[in-house]
Amino acid sequence: MPFLSSDKATDTYDVLIVGSGAGGGQTAYTLTMDGARVLMLEAGRNYDPARETPMFQTPEQAPLREDGTPATPVGFYDATIDGGWKVPGEPYTQTRTDDAGRFDWWRTRMLGGRTNHWGRYSFRNGPYDFKPRTRDGLGFDWPISYDDMAPYYDKVEMLIGVYGSNEGLENTPDSSPGCLLPPPKPLVSDLLFADRGRKLGIPVVAGHRAVLTQPLDWKTNAAKLYPNNATAQQLTADSMKKRAACIWATPCGRGCSIGANYQSTTVHLPPALASGKLDIVTEAMVYEVTLDKAGRASGVSYVDKKTGKHRQAKARIVVLAASSCESVRILLNSKSAKFPQGLANSSGKLGKYLMDTVGADLVGQVPLLEDLPPHNEDGASGGHVYSPWWLYKEHKSLGFARGYHIEFGGGRGMPGVDTGTHMEWLTHGSYGKKFKDEVRRYFGSFVYFSGRGEMIPNENSYCEIDPNTKDKFGIPVLRFHWQWSEHETRQAAHMQKTFAQVIDAMGGRVRGKAEADGAKAIAPGGSIIHEVGGAIMGADAKSSVTNAWCQTWDVDNLFLTDGAPFPSNADKNPTLTIMANAWRVSDHILARLRRKEV
Amino acid sequence: MDRRTTIKWMLSAATLAPWSGVLARDTEARTNAVLSTTPQGYGSDPKLIDSYHPGQLWPLTFTAAQRATAKALSDLIIPADENSPSASDVGVVDFLDEWVSAPYERQRRDRTIVLDGFAWLDKEAVARFGTKKTFAQLEGAQQSAICNDVCYLPEAKPQFVDAARFFARYRDLTAGGFYTTPQGRKDLRYIGNVPLPRFDGPPLEVLKKVGLA
């Protein structure tokens with residue numbers, strides 16, 4: 001019985017993992033493949049993509065035609081349960097609420113966490129991204145290099161399936177042969193962007209997303225991942241075989257009932273459960289890491305949400321992968337005589353250096369794309385092409401230190417509740433038959449540019465425990481402080497200017513205007529949902545919370561495998577790196593278990 | 001699972017009957033902009049694979065008169081033509097009623113805008129044409145005369161600015177409701193949301209039209 005009620009999880013385990021998303025899922029997979037016995041605690045409910053995913057449902061089958069509400073901020077069919085920027089009964093507080101100074105925290109309470117709904121963008125950090133301070137004197141270096149992470153990027157790509165291409169571009173690493181799946185064919189809007197973008201010196205190449213454009217080569221991949229472990233090879237191959245390739249319809253954000261994209265629930269957890277080595281307790285809200293007399297982690301305390309009872313679970317090693325801020329919150333709330341400022345906080349750095357991604361968007365309308373012959377453009381639901389950062393040599397003249405990539409969208413996707421809206425700038429207020437003709441004409445002619453850039457960690461963006469507020473379980477909540485620097489706001493302004501240039505080069509018109517004031521263009525903290533940091537890894541115990549193995553300096557059997565240990569937040573969306581890092585850390589944990597160091 | 005099996009299975013799943021169009025309607029008792037009760041929304045964990053219809057999750061609240069105004073105005077914005085039926089023919093009035101009756105903050109704001117707008121239309125009908133007819137009862141040309149003054153906010157005269165704001169929002173809601181129906185999707189010649197064995201990208205004629213072939 002892999003899914004346990006809380007009273008059954010009385011055994012002692014090798015490793016206890018808090019969280020079941022990208023970090024927790026990868027950690028559980030890697031550990032169980034090599035025989036470790038693992039208990040996973042998930043704060044949300046059990047979730048089964050095969051039964052619960054609204055594949056092919058259309059907007060008129062949903063309340064409010066699928067439009068977002070506070071309960072489902074990015075749309076009714078989004079694979080988010082008990083989540084969003086507000087979770088009922090689980091508040092957090094902010095020292096500022098204005099757009100420039102607030103941080104909004106997205107959470108979800110479900111097995112697999114945010115991997116069920118994410119955009120599936122899977123980029124590798126490049127060599128520069130691990131040593132940013134060495135390059136420009138800002139932020140922090142990682143205590144590891146790209147070469148340390150590269151083999152794990154290869155492994156993750158082979159396991160989860162990522163499409164893309166190797167282009168040999170600066171700080172945009174190629175994968176080893178056989179790692180990437182072929183990218184989907186570009187849409188006509190992608191090709192137009194590529195053609196006009198290249199004329200402006202902007203590279204437009206195949207996107208990298210965790211979607212199976214063809215079935216995984218289960219035989220080869222499993223053998224490469226576990227050459228000397230027949231059991232792991234078999235479990236991995238069996239799990240890969242069950243995943244279907246993309247059928248080029250229905251958005252990835254709803255999750256995928258046939259396993260054609262990466263979700264922890266369809267990729268990491270099934271083989272881990274099949275190993276018989278993983279037990280999962282859902283609806284287990286962890287709030288504290290417990291210690292033994294020697295000051296080592298003995299397990300965790302949690303609220304069993306089904307009964308309201310407080311319980312404890314034990315293991316030889318504790319891994320927090322509850323999401324960057326939730327893991328930090330658990331540590332800050334783990335106060336004791338020995339650790340009065342929270343556990344693993346002797347540096348005083350716990351909660352510090354929170355980062356999100358710099359985001360700014362612009363929409364254009366392109367006459368060349370009007371009235372095209374109808375054809376199916378659903379594809380892989382976006383991201384067939386993208387632009388990696390291309391101005392590494394020009395940061396001095398740009399006035400900001402780090403780069404961004406461009407996520408591009410266009411095409412004749414399924415009409416939604418916003419189709420035919422906000423058209424006055426094109427239609428001058430038409431209604432009646434003329435309006436219908438115009439909506440038909442413009443459908444499919446809009447292009448969407450999203451800049452996703454690097455934020456440099458700063459002293460004014462952090463979280464701490466709010467002494468005055470508790471959630472419905474009685475657990476003290478986080479209070480967020482947030483501030484952008486000019487490196488971020490100038491970057492956002494550069495995005496706007498660049499997007500307007502590309503739209504112009506495509507013969508199009510900008511909707512609204514390109515915002516020249518970066519402080520107004522930049523999306524509020526937390527809105528891109530790429531938050532990392534808060535328990536950064538580093539070279540010494542004074543300036544960081546963990547060492548290079550994401551092992552806390554203060555408690556040697558306590559690890560973090562979510563985004564919390566990231567000392568920087570490259571423009572590369574963090575999920576792939578969370579997984580690669582979790583695999584790397586898990587290998588280290590396995591080695592210690594084998595050496596009986598714990 | 002191979003792709004062929006997947007697609008077969010998906011096609012059978014996709015043909016399951018969608019919402020049947022049966023509406024729970026209880027509108028006569030409710031009359032005004034303030035909802036007498038606070039209905040609950042669908043919570044933070046709704047069942048996503050179910051089909052929902054207006055009136056199922058919270059009561060609809062348009063009065064008969066409001067429904068008539070909604071129908072008249074929606075069909076002025078989206079009339080039937082050779083490509084597709086009118087807005088009200090495909091259930092847009094029911095969608096609008098669901099929208100303005102919803103318990104969420106944004107929809108509550110729209111409720112005020114829409115119901116105030118309806119009241120203005122009736123008042124303007126009387127003021128302009130000196131009859132006791134409501135907006136819905138006016139001749140088409142008379143309705144259009146009013147709409148022509150409020151259909152484009154940037155050029156609306158000062159006395160019509162509020163009404164133009166209402167019209168812009170109402171047109172957006174009508175369009176959103178219309179283009180999310182099977183008939184609306186067909187009108188736009190959207191042909192996706194079906195499983196495919198492979199993705200071929202744009203046909204040659206498309207590339208030629210854009211000058212990329």
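Colleague: Which residue does Gly364(A) stand opposite in β14(A)?

Modeller: Gly364(A) faces Val447(A) there. Bear in mind that this is a predicted model, where local features need pLDDT of at least 70 and side-chain atom pairs count only at pLDDT 80 or more, while totals for chains, interfaces and linings use all residues. Residues are numbered from 1 along each chain as its sequence is written, with chains lettered from A and ligands numbered from 1 in the order in which they are written.

Colleague: And what counts as a strand or a helix here?

Modeller: Both are DSSP runs numbered from the N terminus: helices are H or I with at least four residues, and strands are E with at least two.

Colleague: OK, which strands run antiparallel to β14(A)?

Modeller: Strand β11 (residues 358–365) of chain A does, over 8 bridges, and so does strand β13 (residues 404–410) of chain A, over 7 bridges. Strands pair here if DSSP finds at least two bridges between them.

Colleague: How many residues of β14(A) are buried?

Modeller: 7 of its 8 residues (446–453) are, so the strand is mostly covered. Buried means 20 or more other C-beta atoms within 10 Å of the residue's own, exposed means 12 or fewer, and partly exposed is in between, with C-beta atoms placed from the backbone.

Colleague: New topic: what about the open sheet with β3 in chain A?

Modeller: That open sheet has 3 strands in the order β3-β16-β15 (chain A), with mixed pairing. Its edge strands are β3 and β15 (462–470) of chain A, each pairing on one side only. β15(A) runs antiparallel to strand β16 (residues 476–481) of chain A, and 5 bridges join them. One residue pair to look for is Glu464(A) and its bridge partner in β16(A), Arg479(A).

Colleague: Which helix lies across β15 and β16 of chain A?

Modeller: Helix α10 (residues 324–332) of chain A, running at about 60° to β15(A). Axes are lines fitted to C-alpha atoms, for helices over the stretch in contact, and angles run from 0 to 180 degrees between N-to-C directions.

Colleague: At what angle do α5 and α7 of chain A pack?

Modeller: About 145°, with the axes of α5 (residues 146–160) and α7 (residues 218–225) 10 Å apart. From α5(A), Lys155(A), Met158(A) and Leu159(A) make the contact, and from α7(A) come Asn221(A), Lys224(A) and Leu225(A). Contact means C-beta atoms, placed from the backbone, within 7 Å.

Colleague: I've also been eyeing Glu66(A). What is its phi?

Modeller: Near 80°, a positive value in a residue other than glycine. Most residues other than glycine have a negative phi. Glu66(A) sits in the loop between α2 (49–52) and β3 (93–94) of chain A. There are 22 other C-beta atoms within 10 Å of Glu66(A), so this residue is buried.

Colleague: Where is Thr250(A) found, and is it buried or exposed?

Modeller: Thr250(A) is in the loop between α8 (230–242) and α9 (264–274) of chain A. Its phi is positive too, about 70°. Thr250(A) has 29 C-beta neighbours inside 10 Å, so it counts as buried.

Colleague: Which residues touch the most other members of the largest nonpolar core?

Modeller: Val15(A), Leu16(A), Val38(A), Leu41(A), Val286(A) and Val318(A), out of 164 residues. The largest share, 8 residues, comes from helix α16 (residues 575–594) of chain A. Another core, of 57 residues, lies apart from it and includes Leu48(B) and Ala72(B). A nonpolar core is a set of buried Ala, Val, Leu, Ile, Met, Phe, Trp, Tyr and Cys residues joined through C-beta atoms within 7 Å.

Colleague: How many helices and strands has chain B?

Modeller: Chain B has 8 helices and 0 strands. Of its 213 residues, 38% count as buried.

Colleague: Last one: how many residues of chain A are in contact with chain B?

Modeller: 67, and they are in contact with 66 residues of chain B. On the chain A side, α13(A) gives the largest share, 5 residues.

Notes: Contact = placed C-beta atoms within 7 Å.
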